[in-house]
Amino acid sequence: MYAACFILAMLPPALMLCVGIMWKVSPPKMNGKGLAYRTALSTRSEETWNFAHRHCSKLWIRLGIVLGLVTALLMWFLREQYLNFILWLLAGQMVFFCLSAFLVDLLLKNGFDDHGNKLM
C-alpha cells in the first residue's frame, strides 16, 4: 500500500516536470488542440501565448523538481504515518499548481496591454 501511495504522491510533480520540459522544448501552437496553457490573457496574441508557455514551462520545471524532492523526503521520513498526511500532501501540491497559473497570469497582466501588445 505504501508503494502505491508513494507513486500517487510523486505523480503531480513528475507530470509538472514532464510538461514543463515538453513545453520548453516544443511549445504548443496557439490554434492547436491538446495540452496547453489557455487563459483569457494567454490567448490574446501570439506573443502572449509564447510568453505564457515560456514562463509556465520554467516555473513547472522548477516546481516539479522541488515538489518531487520534498514529496519524496516527506514520504520517506514519515513512512510510518503516510496515510495520515497523504491527502494533505496532494492538496499542497495542487495549491502550488494553481498558484503557478495565477503567477503566469499576473506576469501577463503586468507585461501586456488589453490587446496583447507588450508594454514598454
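User: What percentage of the 120 residues in the protein chain do buried residues make up?
Analyst: Buried residues make up 34% of the 120 residues in the protein chain. Buried means under 20% relative accessible area, exposed means over 50%, and partly exposed lies in between, with a 1.4 Å probe and protein chains only. This is a predicted model, in which local features need pLDDT of at least 70, side-chain atom pairs count only at pLDDT 80 or more, and totals for chains, interfaces and linings use all residues. Residues are numbered from 1 along each chain as its sequence is written, and side-chain values use heavy atoms, with hydrogens and water left out.

User: Which secondary structure elements does the protein chain have?
Analyst: The protein chain has three helices and zero strands. From the N terminus on, its elements run α-α-α. Helices (H or I, at least four residues) and strands (E, at least two) are DSSP runs, numbered from the N terminus.

User: And what does the C-alpha trace span along its principal axes?
Analyst: The C-alpha trace of the protein chain spans about 55 × 25 × 20 Å along those axes.

User: How do the axes of helix 1 and helix 2 cross?
Analyst: The axes of helix 1 (residues 2–25) and helix 2 (residues 46–77) come within 7 Å and cross at roughly 160 degrees. Axes are lines fitted to C-alpha atoms, for helices over the stretch in contact, and angles run from 0 to 180 degrees between N-to-C directions.

User: Are helix 1 and helix 2 roughly parallel or antiparallel, then?
Analyst: Helix 1 and helix 2 are roughly antiparallel to each other. Angles under 35 degrees count as roughly parallel, over 145 as roughly antiparallel, 65 to 115 as roughly perpendicular and the rest as oblique.

User: Which residues make up the contact of helix 1 with helix 2: how many nonpolar, polar and charged?
Analyst: The residues of that contact divide into 20 nonpolar, six polar and one charged. Here Ala, Val, Leu, Ile, Met, Phe, Trp, Tyr, Cys and Pro count as nonpolar, Asp, Glu, Lys and Arg as charged, and the others, Gly among them, as polar.

User: Is the crossing of helix 1 and helix 2 left-handed or right-handed?
Analyst: The crossing of helix 1 and helix 2 is left-handed. A crossing is left-handed if the near helix is turned anticlockwise from the far one by less than a right angle, and right-handed if clockwise.

User: What about helix 2 and helix 3: how do their axes cross?
Analyst: The axes of helix 2 and helix 3 come within 10 Å and cross at roughly 160 degrees. That makes helix 2 roughly antiparallel to helix 3. The crossing of helix 2 and helix 3 is right-handed.

User: New topic: how many aromatic pairs are there?
Analyst: The count comes to five aromatic pairs. Rings of Phe, Tyr and Trp (its six-membered ring) pair if their centres lie within 6.5 Å; planes under 30 degrees apart count as stacked, over 60 as edge-to-face and the rest as tilted. One of the pairs is Tyr-2 with Phe-6, which is tilted, at 6.1 Å centre to centre and 40 degrees between the planes.

User: Where do Tyr-2 and Phe-6 lie?
Analyst: Both lie in helix 1, four residues apart, about one turn of the helix. Tyr-2 is partly exposed, with a relative accessible area of 24%, and Phe-6 also counts as partly exposed, at 27% relative accessibility.

User: Why is the pair of Tyr-2 and Tyr-82 edge-to-face?
Analyst: The ring centres of Tyr-2 and Tyr-82 are 5.1 Å apart and their planes stand at 75 degrees, so the pair is edge-to-face. The pair links distant parts of the chain, with Tyr-2 in helix 1 and Tyr-82 in helix 3, 80 residues apart. Tyr-82 counts as buried, at 11% relative accessibility. Tyr-2, Phe-6 and Tyr-82 form one aromatic cluster.

User: Where does the charged end of Arg-79 sit?
Analyst: The charged end of Arg-79 sits over the ring of Trp-76, 3.9 Å from its centre. A charge sits over a ring if NZ of Lys or CZ of Arg is within 6 Å of the ring centre and within 35 degrees of the ring normal.

User: Is Leu-83 buried or exposed?
Analyst: Leu-83 is exposed, with a relative accessible area of 53%, and its place is in helix 3 (residues 82–111).

User: And Gly-111, is that buried or exposed?
Analyst: Gly-111 is buried, with a relative accessible area of 17%, and lies in helix 3. Gly-111 and Tyr-2 are 109 residues apart in sequence and 45 Å apart in space, C-alpha to C-alpha.
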